[in-house]
Structure formats: structure tokens, C-alpha cells
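This report describes the metal site, the sheets and the core of a single protein chain. The sequence and the structure are shown first, and the description follows.

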Amino acid sequence: MRLRVMTAVLVLAGSIVGLTTSPPPYTAIIIDSGSPYFVPKAVTVSTGAPIRWENPTPTEHTITHIGCMEDGAPCAFDSGIVLPNDSFTIPGLAPGRYPYFCRVHPIMHGIVTVTDSPVPSQL
Ligand SMILES: [Cu+2]
């Protein structure tokens, strides 16, 4: 009897630990076939915080910083083609605003804002 109670307590403790496990160590942006195309369309992250774009659509996309298309502007990130069910992760960025779009579908736009201040987690 006492053993059963102990087992139940351990299982309960284990599930509590499971529930409080920290979220994935990156901010996830999900690519969508319809507007707003990048979900969420605008994200704010801390300096150096990784960002990951996931492509669950049946279509190829890119995640291309606007600067990559402008002469002399810094190109912060350009994924190249991201295949369906694939993803693109960047390790982190310096503070600033990073508008980006999809080369395949230029109507697809999003923006990443990177700040020095701590950012509350976005769920
Ligand atoms: Cu696209």
C-alpha cells in the first residue's frame, strides 16, 4: 500500500516536471499559405535569441531579409529555398528591425524586432 502511494507521488511529480519544462529554445514562426503568411507576422526577440521558421505548407518559400535585395545594405539572413515540412533557423541577431519577405511570393512579408531588453516569452 505504502509503495503504491509512493509510486503515485513519483508519477505525479514527473508529470509536473514535464509540464514546467522550458519551451523550445527558439522563437517559432509558422509559414502559412494564406494571409498573414508568417504567423506571427511580427515578433520581438532578445539579442542572440534563435528564431526558427517552419514550413508546413505544400509550397517552397524563402525567408529573406530585405537588406539582401538592396545594394550596399547588410544582408542579415537569407534562407534560400525552404522545402515543405522543412525549417530555417537563425542563431540570433544584433538589436534592430529586420523586415523580411519570401522571394518566391513577394507578397509574403514579416518583421523581426531584436531588442536588448528582456522579452517576455510569446506563446
Ligand atoms: Cu513563399
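Contact here means heavy atoms within 4.5 Å. The model under discussion is predicted.

**Residue I51 and its surroundings**

I51 lies in strand β4. Leaving aside neighbours within four places in sequence, the residues in contact with I51 are Y26, T27, I29, V45, F88, T89, I90, L93 and V112. One of these contacts, I90, is 39 residues from I51 in sequence, yet the two C-alpha atoms are 5.4 Å apart in space. I51 counts as buried because its relative accessibility is 0%, and the cut-off for that class is under 20%.

**The two sheets**

Strands of a sheet pair through backbone hydrogen bonds, either parallel or antiparallel. Strand β4, to which I51 belongs, is part of an open sheet of four strands in the order β2-β1-β4-β6, with mixed pairing. The edge strands of this sheet are β2 (38-39) and β6 (87-90), each of which pairs on one side only. Strand β1 (residues 27-31) and β2 pair in the antiparallel sense over two bridges. I30 has V39 in β2 as its bridge partner.

Another open sheet of four strands has the order β3-β8-β7-β5, again with mixed pairing. Here β3 (42-46) and β5 stand at the edges with a single partner strand each, so one side of each is left without a neighbour in the sheet. Between strand β7 (residues 96-101) and strand β8 (residues 109-115) there are six bridges, and the pairing is antiparallel. Y98 stands opposite V112 in β8; V112 is also among the contacts of I51.

In soluble globular proteins, nonpolar side chains tend to be buried together. The largest nonpolar core of this model has 20 residues, of which F38, W53, I63, F77 and V112 touch the most other members. The elements β1, β3, β4, β6, β7 and β8 each give two or more residues to this core. Leaving aside neighbours within four places in sequence, F38 is in contact with I29, I30, I31, W53, T62, I63, Y100, C102, M108, H109 and G110. Two residues in that list, C102 and M108, are also donors to the copper ion.

**The copper site**

Which residues coordinate the copper ion? The donors are H61 (ND1), C102 (SG), H105 (ND1) and M108 (SD), at 2.0 to 2.5 Å. Angles among the four donor atoms run from 94 to 132°, and the site is tetrahedral. In sequence, the donor residues follow the spacing H-x40-C-x2-H-x2-M.

N55 lies in the loop between β4 (51-54) and β5 (64-65). The side chain of N55 reaches the backbone oxygen of T59 at 2.8 Å. Not counting residues up to four places away in sequence, N55 touches I31, E60, H61, V82, L83, P84, N85 and D86. Among these is H61, one of the copper donors.

**Accessibility of selected residues**

| Residue | Relative accessibility | Class |
|---|---|---|
| I51 | 0% | buried |
| N55 | 1% | buried |
| C102 | 0% | buried |
| H105 | 24% | partly exposed |

Definitions and conventions
Residues are numbered from 1 along each chain as its sequence is written. This is a predicted model: local features need pLDDT of at least 70, side-chain atom pairs count only at pLDDT 80 or more; totals for chains, interfaces and linings use all residues. Side-chain values use heavy atoms; hydrogens and water are left out. Buried means under 20% relative accessible area, exposed over 50%, partly exposed in between (1.4 Å probe, protein chains only). A polar contact is a pair of N or O atoms within 3.5 Å; within protein, one must be able to donate a hydrogen and the other to accept it, and residues adjacent in sequence count only if both atoms are side-chain atoms. Donors are N, O and S atoms within 2.8 Å of the metal (3.2 Å for Na, K and Ca); water is not among the atoms, so sites may look incomplete. Four donors count as tetrahedral if all angles lie between 85 and 135 degrees; four count as square planar and six as octahedral if opposite donors are over 155 degrees apart and all others between 65 and 115; anything else is irregular. Two strands pair if DSSP finds at least two bridges between them. A nonpolar core is a set of buried Ala, Val, Leu, Ile, Met, Phe, Trp, Tyr and Cys residues joined through side-chain atoms within 4.5 Å.
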